[in-house]
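Here is my note on the model, point by point. Please keep the structure open while you read.

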Amino acid sequence: HLDRIAEVDGGLGAFLHVAGEQALVSAKEVDGALTAGEAPVSPLAGVPLALKDIFTTTDMPTTCASKVLENWVAPYDATLTSKLRAAGIPILGKTNLDEFAMGSSTENSAYGPTRNPWDTTRVPGGSGGGSAAALASRQAPLAIGTDTGGSIRQPAALTATVGTKPTYGTVSRFGLVACASSLDQGGPCGRTVLDTALLHEVIAGHDPRDSTSIDAPVRPVVAAAREGAGGNLRGVKVGVVKELHSDSYQPGVLSSFDAAVAQLTELGAEVVEVSCPNFEYALAAYYLILPSEVSSNLARFDAMRYGLRIDEGDMSADQVMAATRAAGFGPEVKRRIMIGTYALSAGYYDAYYGQALKVRTLISRDFDRAYEKVDVLVSPTSPFTAWKLGEKVGDPLAMYLSDLCTLPTNLAGHCAMSVPSGLSADDGLPVGLQIMAPALADERLYRVGAAFE
Ligand code: GLN
């Protein structure tokens with residue numbers, strides 16, 4: 001994999017940092033233990049992985065693709081990082097992302113974009129475009145992403161890989177640099193549903209160091225993936241969300257989705273249409289809640305504690321802070337800090353943030369009603385396939401539309417997966433099928449995903 005990275009990553013930009021020596025040391029430890037006759041520490045011992053550069057690591061930089069954290073090395077490992085190490089998984093390096101995970105194309109990275117291996121003039125999706133491109137270009141067999149509004153699932157769809165956003169609270173956020181704390185969730189990415197399930201079980205689990213971590217057993221996703229691989233979905237009820245199927249989606253995405261639904265029916269699933277009327281407000285609610293949390297979370301980059309510090313000598317603390325933040329944050333991050341600060345300000349709080357929270361509750365209720373009737377919900381993962389680099393950078397609203405189908409799951413704290421659903425008849429580019437399930441029912445995603453793939 002290190003050879004492959006050296007060969008192809010110059011043209012793709014999936015990695016921000018490659019940790020070849022450390023990865024080899026960790027792989028040799030696994031070899032040594034196996035040669036000495038010890039049992040492997042996990043089913044994935046020795047299988048290398050690409051880590052999104054938003055999880056802290058003590059032996060390599062954590063930049064969040066921001067100038068504000070250039071060359072910053074964390075004093076502690078994220079819980080997820082520690083779990084990978086304990087499972088004998090060598091970390092190949094840190095992957096590119098939109099700055100602080102804000103974006104849908106990986107073009108908002110301060111270190112340059114990642115390109116889609118299917119067509120290098122196109123984006124790999126975002127914010128986890130680096131992890132998805134590393135998988136699709138065979139630079140890594142496993143990767144880690146984070147999903148705040150779709151950043152695992154949408155890049156998976158645009159690169160024909162698999163990605164899961166686990167139930168909120170089931171994968172520790174300790175050491176995951178916060179974007180929007182009530183939405184962020186780390187999760188597994190792979191090229192097959194079973195690989196993804198194996199990684200899911202390694203990284204999930206209760207963590208007392210994360211106050212929103214759920215104290216519940218890890219869901220049996222590997223067993224579910226094995227069961228699903230038999231291709232039998234009899235007894236499974238699948239709901240097609242009416243509101244996530246629109247004429248504004250690309251025709252090739254819609255025809256791939258219709259074929260996927262026909263395939264689920266052939267596998268024995270009972271497919272019905274369900275309505276979630278409040279999903280149409282998810283985008284508006286998300287783009288108030290997320291910036292509000294961002295404006296609060298990113299206040300920690302104050303030029304005093306971490307990373308970049310611009311101090312021309314005769315400056316006051318306020319001036320140092322302002323100069324550092326002006327130089328350190330990119331335009332999308334600044335946009336969201338300003339929107340969030342406005343939405344939380346006295347006089348506007350109820351009108352914006354308060355209203356958005358109410359919509360969030362209505363969306364959860366739509367899900368609850370739907371799950372009274374069905375086991376899983378399905379939709380296209382993204383309304384469109386990979387677009388050209390630069391095509392949407394000047395139009396944030398057009399960019400935000402790519403999250404239409406993935407956002408409701410984050411707002412409800414549920415789980416969802418994207419699995420490859422063939423190539424679009426429009427342009428020959430990958431399309432993803434999104435499978436959604438209630439909180440703490442992640443195994444349903446894997447059963448249906450494995451049967452479908
Ligand atoms: N694309 C969405 C956004 O820009 C989702 C980001 C994410 O999931 N980290 O906020």
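1. First, a term. A residue is buried if 20 or more other C-beta atoms lie within 10 Å of its own, exposed if 12 or fewer do, and partly exposed in between; C-beta atoms are placed from the backbone. By that rule, helix 2 buries Ala23, Ser26, Ala27 and Val30. They sit on the same side of helix 2, because they cover an arc of only 100° around the axis. The arc is that of the directions from the helix axis to the C-beta atoms. In general, an α-helix has 3.6 residues a turn, so residues three or four places apart point the same way.

2. Now the basis. This is a predicted model, where local features need pLDDT of at least 70, side-chain atom pairs count only at pLDDT 80 or more, and totals for chains, interfaces and linings use all residues. Residues are numbered from 1 along each chain as its sequence is written.

3. Stay with helix 2. The face turned away from its buried side carries the exposed residues Glu21, Val25, Lys28, Gly32 and Thr35. Helix 1 (2-12) and strand 3 (91-95) are among what covers the buried residues of helix 2. Contact here means C-beta atoms, placed from the backbone, within 7 Å. After helix 2 comes glycine 37, with a positive phi near 85°.

4. The whole chain has 15 helices and eleven strands. These are DSSP runs, numbered from the N terminus: helices are H or I with at least four residues, strands E with at least two. Buried residues make up 57% of the 453 residues. Among contacts with a separation of 6 or more, 76% join residues 24 or more positions apart.

5. Look at two loops. Asparagine 71 lies between strand 2 (49-52) and helix 3 (79-86), and its phi is near 65°, a positive value in a residue other than glycine. Asparagine 71 counts as exposed, with 10 C-beta neighbours inside 10 Å. Alanine 303 lies in the loop between helix 9 (282-297) and helix 10 (317-328). Alanine 303 also has a positive phi, about 70°, although it is not a glycine. Is alanine 303 buried or exposed? Alanine 303 is buried, with 22 other C-beta atoms within 10 Å.

6. The bond from glycine 126 to serine 127 is cis, with omega near 10°. Serine 127 is in the loop between strand 3 and helix 4 (129-136). Most residues other than glycine have a negative phi, and most peptide bonds are trans.

Terms used: Contact = placed C-beta atoms within 7 Å.
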